[in-house]
Amino acid sequence: VYPGYVLHSEYPFTDTKFGPYDGGNLSPHDIPRTSKWHVWGYMDISTEMAYTFDILRCNWSPLADMADGRAIAMIRDDLLGGMLDYTMAIEESYSNMSTRKWENAIVAARLIERPQVIHEVVSRIEQFTNDNFLYDGSWMETSPSYMRQTAGWMQQISLAMKGYEDPAGYRHHVTGER
């Protein structure tokens, strides 16, 4: 059911706006904060659900029989894949919040085996680090708290990537890299 969830856009001191799953009546201003699951679109990938799915898929055989044998594919493709597709499609702002989105995307992409997303995140990180850090290595907003937040999430991204290797034979469709 996730692909058809109603979108909602929430911002402090404004009315919550709701829109159809395709975002048809929301303004471009609403889109970065618009989500289906979380209060912010940046964080619409539930890593808790991704980890739970991984545990159940590996350790609970009745899951394979649910929904006429389609439960695993539905969770993988419609729920987690839907969260991943929705969140990665939000126009990239390369802000301090992007790091949170990327960490969650890496976790989900690894668990549902979407190496192309890993490559996209790595590409975005390269642009992010090249364009948004000052020459002295500080984060562009120069606030110690934002620097700590951004550096902390960069560390989380590193942990999420630890040990990752593309599946055998996989090459990125654009760059050809492994």
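Lys and Arg count as positive and Asp and Glu as negative, with His and the chain ends not counted. On this basis, the chain of the predicted model carries 15 positive and 24 negative side chains. The centres of the two sets lie 3 Å apart.

The secondary structure comprises six helices and three strands. From the N terminus, the order of elements is β-β-β-α-α-α-α-α-α. The radius of gyration is 18 Å, close to the 16 Å that the globule rule gives for 178 residues, so the chain is as compact as a globular protein of that length. The C-alpha trace spans about 55 × 45 × 30 Å along the principal axes of the chain.

Burial and surface were computed for the chain as well. Of its 178 residues, 38% count as buried. The accessible surface comes to about 10500 Å². Carbon and sulfur atoms account for 54% of that surface. Contacts were also examined by separation in sequence. Among those between residues at least 6 apart, 58% join residues at least 24 apart.

The three strands form an open sheet. Their order is β2-β1-β3, and the pairing is antiparallel. Strands β2 (17-19) and β3 (34-35) stand at the edges. Each has a single partner strand, so one side of each is left without a neighbour in the sheet. In general, strands of a sheet pair through backbone hydrogen bonds, either parallel or antiparallel. Strand β1 covers residues 7-9. Two bridges join β1 to β3, and these strands run antiparallel. At the level of residues, His8 has Ser35 of β3 as its bridge partner.

In the helical part of the chain, one residue was followed in detail. Met147 is placed in helix α6, which covers residues 144-161. Its relative accessible area is 27%. Buried means under 20% and exposed over 50%, so Met147 is classed as partly exposed. Leaving aside residues up to four places away in sequence, Met147 touches Phe133, Gly137, Ser138 and Trp139.

Methods
Residues numbered from 1 in each chain as written. Predicted model: local features only at pLDDT ≥ 70, side-chain atom pairs only at ≥ 80, totals over all residues. Heavy atoms only, no water. Helix = DSSP H or I, 4+ residues; strand = E, 2+ residues; numbered from the N terminus. Rg over C-alpha atoms; globule rule 2.2 N^0.38 Å. Buried < 20%, exposed > 50% of the residue type's maximum accessible area, 1.4 Å probe, protein only. Contact = heavy atoms within 4.5 Å. Areas by Shrake-Rupley, 256 points an atom, 1.4 Å probe, with all protein chains shown as cover. Charge placed at Lys NZ, Arg CZ, Asp CG, Glu CD. Pairing = 2+ DSSP bridges.
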